[in-house]
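This report describes one protein chain, going from overall figures to single residues. Please keep the sequence and the coordinates at hand while reading.

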Amino acid sequence: MTFREISRALRRGALPIALCVVLGVALALAWSLFRTPVYVAESQLFLGASEEADEGVVTRQDTAYLQQRMQSYAAVLGSPLLGERVADRLGLELTGAEVAGEMTVEVPPETVLLTVRVGDPSPERAQEIANAVGETFSELLAELEDAPGSTVDTVQVSTIRPAALPTTPAAPTTAVLLAVGALLGLAVGIAVAFLRESLDDTVRDVDELFAAGIPVIGVVPLRDRRYRDPAEGMAPDRGEALRRIRAHLGDRPGRRTPAPRTVTVLGPTARADSAALGWDLAGVFAAARLRTVLVEADLWAPRAAGLLGLPEQTPGLAEVLAGRLPLQEALRPGPHGLRVLPAGRAPEAGGEDLLDGPRMAEVLARVSGDADITIVVPPPLDRRSGAASLTTLSDGVVLAVRAGGTTRRELHDVTSLLDTLGAPLVGAVLESSDRPARRPLPHRVS
């Protein structure tokens, strides 16, 4: 993944990451509150060689010999047999295996020392066991190592550091547990964010559109919540982005190809609000004193009449196509001199036939003949088949792409369809919650 993809994954996954961190801390806190505290008492034993007299023969075990056997002594010290004798000595209601399970034995390198640590929920019992180990171990070792007939221990065991009463539970402390819980939650949250990003097939930025071979003519921010109704205008940053798109599409000196007179704003699915984009785009053209007509060709979800303050059943395109209303009577005035042809009353059946028929081509030709630019807004491509036929009647098609809403598969399908139909694709407009980049876009309309 590139740095930009990593940054985007972390930014999109900020909420899951935060939730995982909170959950990790909560679980760690619950464990620290409900776990049984363990107190550790520590004692240290010294093993020394002794001289033994037997029939006038004197022998001495040197330190090197003891060091060779220290691991064996440690195994005896941590055995259930020793644990059972400690339990009997102290009168504990524990088995030898349970006492041995509470003990850990460590042999410092190149020494004849044994460090015994005893962990128990009771600090007093941990201290008693740690202090009873030395004498009990000495007795057991005498039984195991003394030669027959000998009266003196071969190895002397001395407690050089008795166990003190522990006053605080052993690690990990609550602070450590909370830190570990937070780190584990952070790791899980980041993993979830990256997994989510890898499984997400939606388009997020212009680079993905370029990678799909789709030219980009602009990036516009999503509609501000204060301007949800297109009739109320638009936020300044959205308006500025649309004016740059107007510069791409409009006629200008030095343009190598004719500017499109009829533009279809097509949404692959309803998630890309092509109707609002088409309305706003028509508004910026009209604001530039260009003769602009907006044709609402989505007969099944009409919005233009309501935006103009007209009754929902206001006659429009459907009646014109059916021959029940003259075109000039169906056109309605909009802001900045914009002329709007609303959808009209949706037919109960045969709406696709109206959009596919020759009458639609005639209406667009008449409308565009008296306008500098005509914006056509068809239904979403995945909802009605008539949207595809409208693309062939236009001079150019502008794809409305919703960042995080339009998938790469949907883009592939719509571009393949446009290529099959021979519909001219001008480019895509990406609607994103991120602020649009001020850098020039690599793909421009010439």
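## Overall figures

The model is predicted, not experimental. The protein chain contains 18 helices and 14 strands. It has 446 residues, and 45% of them count as buried.

Among contacts in the chain with a separation of 6 or more, 78% are between residues 24 or more positions apart. The accessible surface of the chain is about 22500 Å². Carbon and sulfur atoms account for 56% of that surface.

## The cavity and its lining

Rolling a probe the size of a water molecule over the atoms shows where empty space is left. In the whole structure, the search finds 1 cavity of 30 Å³ or more. The space in the largest cavity is about 100 Å³. It is lined by 11 residues, of which A275, W279, L294, E296 and R303 are the closest to its centre.

By class, the lining consists of 9 nonpolar and 2 charged residues, with no polar ones.

With a relative accessible area of 40%, P302 is partly exposed.

A343 is 41 residues from P302 in sequence, yet the C-alpha atoms of the two are 5.6 Å apart.

## The two sides of helix α4

Helix α4 spans residues 70-77, and its buried residues are M70, Y73, A74 and L77. These residues are on the same side of α4, because they cover an arc of only 100° around the axis. An α-helix has 3.6 residues a turn, so residues three or four places apart point the same way.

The exposed residues Q71 and A75 are on the other side of α4.

## Two buried positions

T136 is part of helix α7, which runs over residues 123-145. T136 counts as buried because its relative accessible area is 1%, where the cut-off is under 20%. Residues up to four places away in sequence aside, T136 touches L82, R85, V86 and R89.

V401 belongs to strand β13, residues 396-402. The relative accessible area of V401 is 0%, so V401 is buried. With residues up to four places away in sequence left out, V401 touches V203, L209, A272, T406, L411, A428, V429, L430 and E431. A428, one of these, is 27 residues from V401 in sequence and 6.6 Å from it in space, C-alpha to C-alpha.

## F194 in helix α8

F194 is located in helix α8, residues 174-199. Its relative accessibility is 26%, and F194 therefore counts as partly exposed. R8 is 186 residues away from F194 along the chain, while the C-alpha atoms of the two are separated by 9.6 Å.

Most residues other than glycine have a negative phi, and most peptide bonds are trans. Which values of phi do E110 and R289 have? E110 is not a glycine and has a positive phi of about 55°. For R289, also a residue other than glycine, phi is positive and near 65°.

E110 is in the loop between β4 (103-106) and β5 (113-120). Its relative accessible area of 76% makes E110 exposed.

Note on methods. Residues numbered from 1 in each chain as written. Predicted model: local features only at pLDDT ≥ 70, side-chain atom pairs only at ≥ 80, totals over all residues. Heavy atoms only, no water. Helix = DSSP H or I, 4+ residues; strand = E, 2+ residues; numbered from the N terminus. Buried < 20%, exposed > 50% of the residue type's maximum accessible area, 1.4 Å probe, protein only. Contact = heavy atoms within 4.5 Å. Areas by Shrake-Rupley, 256 points an atom, 1.4 Å probe, with all protein chains shown as cover. 1 Å grid on protein atoms, 1.4 Å probe; cavity = no way out; pocket = protein on both sides within 12 Å on 5 of 7 lines; lining within 4 Å. Points joined across faces, edges and corners; volume = space filled by probe spheres on them. Nonpolar A, V, L, I, M, F, W, Y, C, P; charged D, E, K, R; others polar. Arc of directions from axis to C-beta.
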